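Colleague: Could you take me through this one while I have it open? I'd like to talk about charged contacts and then helix packing.

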Amino acid sequence: MALLNQIEDIFRLIVQYGVLLLECAGVSVLLVTAVKSMIGYVKRDGHIRLDLAQGIALALEFKLGGEVLRTVIVREQSELITLGAVILLRGALTFLIHWEIKEEEARMALSDSGTAPEKTPAGW
């Protein structure tokens, strides 16, 4: 029985470090993207919105991976419900950002071809 407890503790520790690694990666990606976007804004880069949206989407996916990994060590139903809500919210945000990326890519393709871009629902 003591061996199983030790294995469980080791497993919990590995998962916690994995969650920490994924969370740090998400924060790092978001910070780098924000700094690059600010520099692009100052330089009047036309692709800044697309780059920012892609960076946010990638950061959210790292954070979502951390949340999914965290479900492995959840023991109480209330924690699982909270974690499920966070996962659903981050999943919805990721979906919306990917939709915005597609809209921005389409707008950029239209403006590159010389056609007037259409207004998107988000006003981009």
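This is a predicted model: local features need pLDDT of at least 70, side-chain atom pairs count only at pLDDT 80 or more; totals for chains, interfaces and linings use all residues.

Colleague: Fine. How many salt bridges does the structure hold?

Modeller: Seven salt bridges are found in the structure, and among the residues involved, Glu8, Arg12 and Arg75 are linked in a network.

Colleague: What are the N to O distances for Arg12 and Arg75 with Glu8?

Modeller: For the side chains of Arg12 and Glu8 the distance is 3.2 Å, N to O, while for those of Arg75 and Glu8 the value in the model is 1.8 Å, again N to O.

Colleague: And where do Arg75 and Glu8 lie?

Modeller: Arg75 lies in the loop between α2 and α3, whereas Glu8 belongs to helix α1, so this pair ties together parts that are 67 residues apart in sequence. Arg12 and Glu8, on the other hand, both sit in helix α1, which covers residues 2-42, and they are four residues apart, about one turn of the helix.

Colleague: Which of them are buried or exposed?

Modeller: Arg75 counts as exposed, because its relative accessibility is 56%, and the cut-off for that class is over 50%. Arg12, at 21% relative accessibility, is partly exposed, and Glu8 is likewise classed as partly exposed, with a relative accessible area of 31%.

Colleague: What about Arg107, which residue does its side chain meet?

Modeller: The side chain of Arg107 meets that of Glu104 in a salt bridge, at 2.6 Å from N to O. These two residues are three apart in helix α3, which means that about one helical turn separates them. Glu104 counts as buried, because its relative accessibility is 1%.

Colleague: Changing topic, at what angle do α2 and α3 pack?

Modeller: Helix α2, residues 48-70, packs against helix α3, residues 77-112, at an angle of about 160°, and their axes are 9 Å apart. Angles over 145 degrees count as roughly antiparallel, and α2 and α3 are therefore roughly antiparallel to each other.

Colleague: Is the crossing left-handed or right-handed? And how do the residues of that contact divide?

Modeller: The crossing of α2 past α3 is left-handed. The residues of the contact between these helices divide into 14 nonpolar, four polar and eight charged.

How values were computed:
Residues are numbered from 1 along each chain as its sequence is written. Side-chain values use heavy atoms; hydrogens and water are left out. Axes are lines fitted to C-alpha atoms, for helices over the stretch in contact, and angles run from 0 to 180 degrees between N-to-C directions. Angles under 35 degrees count as roughly parallel, over 145 as roughly antiparallel, 65 to 115 as roughly perpendicular and the rest as oblique. A crossing is left-handed if the near helix is turned anticlockwise from the far one by less than a right angle, and right-handed if clockwise. Ala, Val, Leu, Ile, Met, Phe, Trp, Tyr, Cys and Pro count as nonpolar, Asp, Glu, Lys and Arg as charged, and the others, Gly among them, as polar. A salt bridge is a side-chain nitrogen of Lys or Arg within 4 Å of a carboxyl oxygen of Asp or Glu. Buried means under 20% relative accessible area, exposed over 50%, partly exposed in between (1.4 Å probe, protein chains only).
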